[in-house]
Amino acid sequence: MLAFVVQRLIQAIMVMVSVAFIAFLLFQYVGDPVLFMLGQDATADQIAALRKDLGLDQPFIVQFGHFLLNAVQGEFGISLRQGAKVSQLIADRFPATLELAVIAAGMALLVGIPMGVYAALKRGTLSSQLLMTFSLLGVSLPTFLIGILLILFFAVLLGWLPSFGRGDVVKIGWWSTGLLTAKGWQHIVLPALTLTVFQLTLIMRLVRAEMLEVLRTDYIKFARARGLSNRAIHFGHALKNTLVPVMTITGLQLGGLIAFAIITETVFQWPGMGLLFIQAVTFADVPVMAAYLCLIALIFVVINLTVDLLYFAVDPRLRVGKAGGH
Amino acid sequence: MLAKPAVIEANSLKKDLDGMSNPISRWLSSDVGYSFRNSKTAMVAAFIAFVFIFCALFAKWVAPYNPFDAASLELMDSLLPPAWSAEGSTKYLLGTDDQGRDILSALMYGTRISLVVGMASVMLSLVVGVSLGLIAGFRGGWLDAFLMRLCDVMLSFPAILVALLIAGVGRAVFPNADDSLAFGVLIISISLTGWVQYARTVRGTTLVERNKEYVQAARVTGVAPLRIMLRHVLPNVLGPVTVLATIQVASAIITEATLSFLGVGVPPTSPSLGTLIRIGNDFLFSGEWWITIFPGLTLVLIALSVNLLGDWLRDALNPRLR
Amino acid sequence: MSLLQVKNLVVEFPSRHGTLRALDEISFDIAPGEILGVVGESGAGKSLTGASIIGLLEPPGRIASGQILLEGQRIDNLNNDQMRSIRGRKIGAIFQDPLTSLNPLYSVGKQLTETIQAHLPVSDQEARQRAIALLQDTGISAAAERIDHYPHQFSGGMRQRVVIALALAAEPQLIVADEPTTALDVSIQAQIISLLKNVCKKRGAAVMLITHDMGVIAETCDRVAVMYAGRIAEIGPVHQVINHPEHPYTVGLMASIPDMDVDRERLNQIDGAMPRLNAIPKGCAFNPRCPQVFDRCLQERPDLAAVSRSGQNTPTQVACWLHHANTLEGVL
């Protein structure tokens, strides 16, 4: 078990280093790294001093080392567009994106999994066909269009919900949350809904497909032959066996929420990291892009690691070694 | 004394079409064709997809106007609603935008761009993915291991992110890019997200075939193994690759639309459906809904029909579900 | 009274090529405590017969006509809920592959106690005691410990023992065993078969043993039914069918078993192959391959009829016109 964890950790570190390398290339070679660090208003003296400091004449590997050292401390220089420290910008925006992503993920799981199970068990019936059609629609509707339609319907036509911004936020230490105010909740509904649709349909289709496969296995057939109740077979045996592989894929998908948040934040002008990133891309704001890249990689690596550990905890075949016996 | 068991003619339709031996009738009477004939959704989806492809291909002749020819625009006709509402006119069936461009025509031209970018990206991913899969499966060793790790890492990054990053880097590196370069970067960025699935599938099949005896025999006799792989592996992966390609066209189109909506996709001189939606979004609040909704609807219809076709194809080619 | 009676069972599969008859009027009985072997080539319909009896026929297959009676009550027309109380409790089943028959995520004990408590009103503790006893009966050492182990911690032979324990958990009167040893090592096969025989005899459970292995039949069964192309060709006490086969197909089967004491250059075989379901010949299904075919065989399908020979308490039943003629002659 320990060997497993260590191996995964090493892989994670390797991925992080590779991503950091790409970010480093961006930082050093696309534009002027000195300007990135000091901002547009730096004096000539400051520039000269930093150039020496950064050791731009030094070997490649040393420069990379510098970059890594800075990156690990969260130091990515100054945003070209905003003129503020990148780390500060990201810290400001992080809570908004995280809250949105967590709520969307929660909805996707809480609704998607039961719907998938239902669609598998009631295969062929009208309700399951409707569910599958709805899911196909969910996969064919681009996220931004869903956002636009929701805005059109609930904000423009009905006027029930607001269409941009985060509402009233409460600051708890460094974290600003919108979940403690009524207005905050009102503002998060539409964006969360937009963000969740794609994930929800994906999870639903996945759970349904996996459950149908499981229902065809020999051990389910044997369970039926032993006269176990439908409830025991479907929710005891089939569900558990379905959720285990679904879990890994779902974990990876949820990482995608962070990326899809970019689109949702753009449509709803939600002040999160995604909006920051899009502005960086349009403006070719390299420091922000590099920092975002590293942060996303970190989040992914952490999610992957967690999923791997969860899998380990749930599947006895990985936990307990093979014994023998004849 | 040994009576031959009678082999009953399996498909009665085959008898009906007995005069015609052309490929279409052969396909129609095959198992896949049978499944197609039996699935209303597949046929409707195929029809819709066909209509869009037709409009896209022949936009120049089918569209009532050329919305991108500045000279032909009449500012007086701007912001007209669709023909069936009070202030609309039959000259512009689906209304006009703020510059007097006919929405219907813009839709057709936009569809063309969306389809072209979508299909080009899928083609590129397919070629790259299949080749890499063949090489990885055939060579094995560290090349294979490296490629598989790469696939794992790439799969865990969502497509949009990769595409956005490439687009961003492209902008930083080529700040004054011309249109064709912009298109190139766009197509590459979308195709980078899709190649992994092809690589994996093809690699799997390659590994299986490589260990078969006829391949080893051929190597011994000096036949170029590449030729063997191509002749024997490729036919085996044709099915899954086709399904993958179909489904990926839908997602490529959506990815392109998203990128264009975000402002980092196709150049503004060749607006795709995504660009049209973005332009229209600004007018949503003032009530001119048609500028955004019609392109949106078109996008959804295309994606839906392609997805339906892909779903049907996957089920039709799956021997276990027959 | 018979425990199980199958009367003129017909199982059909509607397909796009037409309706295929997989089982064509099968009839046989199983007495309480007896072991009936069902033997035949792949595709003859053995597994389908077993599946129909436990009510797990996979759609689109369906029972088109005929009856299945358990202790005199019809069970072929029950709905799924009613059938559920019979499965496991009255009729148990064992399938071919022990590797896939057990849920890998649940411990062996959990799967046992769950089955026991689904049918018998016992406490958790007692269920666990029974489970341990079952494991001991099926020859698993250190049962009290291993009950909490997972399936992947058992070898193939051990797993099949667990499967047998599971099938017997709710104390059924009939076990349908579908090729229980085919997936096992040859060295283990004999052990498992004799275990099955002993453990069922001990509990007084009847067994319907489906297999294509004549050796297993000879070792284990009281009676045997030979199936061909969805029909029963011959059925009778095992030593009679093996040593004095009546149906030409059975004769061919027995002759094809190589005899170690005889020098041969070529193995005996029956020419031709069993017909596909959509190409079953008119009359007797075996007529294209039968060395003793005559006119009537090509026209009419023979029913099962007893062939009386001297010295037999229970005559073998054969579906063959040769023997109808004999019977008639015998009477005349």
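The legends below describe close-up views of a predicted model.

**Figure 1. Chain A as a whole.** Chain A contains 13 helices and two strands. Its C-alpha atoms fill a box of roughly 85 × 65 × 35 Å along the principal axes. Of the 326 residues in chain A, 42% are buried. Among contacts between residues at least 6 apart in sequence, 71% join residues at least 24 apart. The mean pLDDT of chain A is 81, and 92% of its residues reach 70 or more. Confidence in chain A is lowest in helix α2 (residues 33–38), with a mean of 69, and highest in helix α9 (residues 218–225), with 91.

**Figure 2. The contact between chains A and B.** This contact takes 35 residues from chain A and 36 residues from chain B. On the side of chain A that touches chain B, at least two residues come from each of α1 (2–29), α6 (126–140), α7 (143–157), α10 (230–268), α11 (273–283) and α12 (286–314). Helix α10(A) gives the most to this side, with eight residues. By class, the side of chain A that touches chain B has 28 nonpolar and seven polar residues, and no charged residues.

**Figure 3. Helix α11 of chain A and its surroundings.** The buried residues in α11(A) are Met273(A), Gly274(A), Leu275(A), Leu276(A), Phe277(A), Ala280(A) and Val281(A). In an α-helix there are 3.6 residues a turn, so residues three or four places apart point the same way. Within chain A, the buried residues of α11(A) pack against α5 (86–121), α10 and α12. They also pack against α8 (159–173) of chain B. Ala284(A) follows α11(A) and has a positive phi, near 55 degrees.

**Figure 4. The surroundings of Glu256 in chain B.** Glu256(B) lies in helix α12 (residues 225–262) of chain B. Glu256(B) is buried, because 31 other C-beta atoms lie within 10 Å. Leaving aside residues up to four places away in sequence, Glu256(B) touches Ser114(B), Val117(B), Gly118(B), Leu186(B), Ile190(B), Gly265(B), Ser272(B) and Gly274(B). Glu209(B) is 47 residues from Glu256(B) along the chain, and the C-alpha atoms of these two residues are separated by 36 Å.

**Figure 5. The open sheet of chain C.** Four strands of chain C form an open sheet in the order β2-β1-β4-β5, with antiparallel pairing. Strands β2 (18–30) and β5 (73–74) stand at the edges, each with a single partner strand, so one side of each is left without a neighbour in the sheet. Helix α1 (residues 46–54) of chain C packs on the sheet and touches β1, β2 and β4 (62–70). The direction of α1(C) makes about 75 degrees with that of β2(C).

**Figure 6. Strand β1 of chain C and its partners.** Strand β1 (residues 4–15) of chain C is joined to β2(C) by 10 bridges, and the two strands run antiparallel. Together β1(C) and β2(C) form a hairpin, with two residues between them. Phe13(C) has Leu20(C) as its bridge partner in β2(C), and Glu12(C) has Arg21(C). Strand β1(C) also pairs with β4(C) in the antiparallel sense, over seven bridges. In β4(C), Arg62(C) stands opposite Glu12(C).

**Figure 7. The crossing of helices α4 and α5 in chain C.** The axes of helix α4 (residues 108–119) and helix α5 (residues 124–137) of chain C come within 9 Å and cross at roughly 115 degrees. The crossing of α4(C) and α5(C) is right-handed. From α4(C), the residues in the contact are Gly109(C), Leu112(C), Thr113(C), Ile116(C) and Gln117(C). They meet Asp124(C), Ala127(C), Arg128(C), Arg130(C), Ala131(C) and Leu134(C) in α5(C). The residues of this contact divide into five nonpolar, three polar and three charged.

**Figure 8. Backbone details in chain C.** Most residues other than glycine have a negative phi, and most peptide bonds are trans. A cis peptide bond, with omega of about 10 degrees, joins Pro59(C) and Pro60(C). Pro60(C) is found in the loop between α1 and β4 of chain C. Asn8(C), in strand β1 of chain C, has a positive phi near 50 degrees. Asn8(C) is exposed, with 12 other C-beta atoms within 10 Å. Ala142(C) also has a positive phi, of about 50 degrees, and lies in the loop between α5 and α6 (143–146) of chain C. Ala142(C) is exposed, with 11 other C-beta atoms within 10 Å.

How values were computed:
Residues are numbered from 1 along each chain as its sequence is written. Chains are lettered from A and ligands numbered from 1 in the order in which they are written. This is a predicted model: local features need pLDDT of at least 70, side-chain atom pairs count only at pLDDT 80 or more; totals for chains, interfaces and linings use all residues. pLDDT is the predictor's confidence in each residue, from 0 to 100. Two strands pair if DSSP finds at least two bridges between them. Two residues are in contact if their C-beta atoms, placed from the backbone, lie within 7 Å. Axes are lines fitted to C-alpha atoms, for helices over the stretch in contact, and angles run from 0 to 180 degrees between N-to-C directions. A crossing is left-handed if the near helix is turned anticlockwise from the far one by less than a right angle, and right-handed if clockwise. Ala, Val, Leu, Ile, Met, Phe, Trp, Tyr, Cys and Pro count as nonpolar, Asp, Glu, Lys and Arg as charged, and the others, Gly among them, as polar. A residue is buried if 20 or more other C-beta atoms lie within 10 Å of its own, exposed if 12 or fewer, and partly exposed in between; C-beta atoms are placed from the backbone.
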